Amino acid sequence: MASIRGIMFNNQFISELKAQRLNVLEQLKHIEAMLKLYGVNVSEEEMPSYSGIEALVHERPYKKDASNKEKIAGLLKLTNRFLSINEMTSLVMEFEPKSKVEEVKASLSSAKNILLKDGSIVKVQVGTNNSNTFYGSPSWIDEQGFPLPEHKYSEDAVQLKAKIVI
C-alpha cells in the first residue's frame with residue numbers, strides 16, 4: 001500500500017511540476033515579447049519557439065512611439081482580422097497600461113477616420129448597431145463586401161442589445 005501511495009504522490013507531484021513548468025514557459029514568452037516590443041534584442045539561442053499571437057508580436061512588434069495610424073495598422077497586422085475600436089483600445093491598453101482609456105480611444109477613432117477616408121482600411125458593420133463596426137484591410141473582404149473567413153471579426157466582440165420594454 002505504501003508503494004501505491006508513493007506512486008500516487010509522485011504522479012501528483014509530477015503533474016504539479018508540469019503545470020508549473022507550463023506556467024513559467026508562458027510567462028517567459030510574455031516577458032520575451034515585451035522585451036522585444038521595447039527594442040531589446042534577445043539572442044536567437046535564448047529565444048523559445050513561439051506560436052500564435054506571440055509569433056506575430058515578434059514578426060511585427062508594436063511600437064509605442066508610432067503614430068496612431070501606424071498603431072492601427074500594426075494591430076490589424078498583429079491580429080490578422082477585423083477589429084472594433086473597443087478591441088483596438090483594449091490591445092493598446094495592454095501594450096501601454098499607463099495610458100488613459102478615453103484618450104487612447106479618441107486618438108484611435110480620429111486616426112481610424114483618416115485611414116477610412118484614404119482607403120487604407122474598410123469598415124464592416126454587423127446589424128444596425130454602430131458599436132458593431134469592425135475595421136480591416138480592403139484585401140480582407142470578398143466581392144460582396146463581407147469579411148473573408150480567415151480575417152473575420154471575433155463573434156465575441158459583437159455586442160447584442162436587448163430591447164427595453166416599458
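Tutor: The axes of H3 and helix H4 (residues 85-95) cross at roughly 95° and come within 11 Å of each other. The axes are lines fitted to C-alpha atoms, for helices over the stretch in contact, and the angles run from 0 to 180 degrees between N-to-C directions. H3 and H4 are therefore roughly perpendicular; angles of 65 to 115 degrees get that label, those under 35 count as roughly parallel, those over 145 as roughly antiparallel, and the rest as oblique.

This is a predicted model, in which local features need pLDDT of at least 70 and side-chain atom pairs count only at pLDDT 80 or more, while totals for chains, interfaces and linings use all residues. Residues are numbered from 1 along each chain as its sequence is written, and side-chain values use heavy atoms, with hydrogens and water left out. Helices (H or I, at least four residues) and strands (E, at least two) are DSSP runs numbered from the N terminus.

On the H3 side of this pair, Ile72, Leu75, Leu76, Leu78 and Thr79 meet Met88, Leu91, Val92 and Phe95 of H4, where contact means heavy atoms within 4.5 Å. By class, the contact of H3 with H4 has eight nonpolar residues, one polar and no charged. Ala, Val, Leu, Ile, Met, Phe, Trp, Tyr, Cys and Pro count as nonpolar, Asp, Glu, Lys and Arg as charged, and the others, Gly among them, as polar.

H4 itself is mostly covered, with eight of its eleven residues buried. Buried means under 20% relative accessible area, exposed means over 50%, and partly exposed lies in between (1.4 Å probe, protein chains only). The buried residues of H4 are Ile85, Glu87, Met88, Thr89, Leu91, Val92, Met93 and Phe95.

H3 also packs against another helix. Helix H3 (residues 68-79) and helix H5 (residues 101-117) have axes 8 Å apart, at an angle of about 80°. H3 and H5 are therefore roughly perpendicular as well. H3 contributes Asn68, Lys69 and Ile72 to this contact, and H5 contributes Ser107, Leu108, Ala111, Lys112, Ile114 and Leu115. By class, the contact of H3 with H5 has five nonpolar, two polar and two charged residues.

Of its 27 residues, Ile72, Leu75, Leu76, Phe82, Met88 and Leu108 touch the most other members. H3, H4, H5, strand E1 (122-125) and strand E2 (133-136) each supply at least two residues of this core, and its largest share, six residues, comes from H4. Leu76 gives one view of the surroundings: apart from neighbours within four places in sequence, Leu76 is in contact with Arg81, Leu83, Met88, Ile121, Tyr135, Gly136 and Trp140.

The loop between H3 and H4 holds Asn80. Asn80 has a positive phi of about 60°, although Asn80 is not a glycine. At 33% relative accessibility, Asn80 counts as partly exposed. Not counting residues up to four places away in sequence, Asn80 touches Trp140, Glu150 and His151. From Asn80 to Tyr153 the C-alpha distance is 9.5 Å, across 73 residues of sequence.

Tyr153 sits in the segment after E2 and counts as buried, at 13% relative accessibility. Leaving aside neighbours within four places in sequence, Tyr153 is in contact with Arg81, Phe82, Val126, Phe134, Pro147 and Val158. The C-alpha atoms of Tyr153 and Val124 are 9.0 Å apart, and the two residues are 29 apart along the chain.

Val126, one of the contacts of Tyr153, lies in the loop between E1 and E2. Val126 is partly exposed, with a relative accessible area of 22%. Not counting residues up to four places away in sequence, Val126 touches Asn132, Phe134, Tyr153 and Val158. A C-alpha distance of 9.3 Å separates Val126 from Gln159, 33 residues away along the chain.

As for the whole protein, five helices and two strands are present, in the order α-α-α-α-α-β-β from the N terminus on. Buried residues make up 32% of its 166 residues. Among contacts between residues at least 6 apart in sequence, 46% join residues at least 24 apart.

Methods. A nonpolar core is a set of buried Ala, Val, Leu, Ile, Met, Phe, Trp, Tyr and Cys residues joined through side-chain atoms within 4.5 Å.
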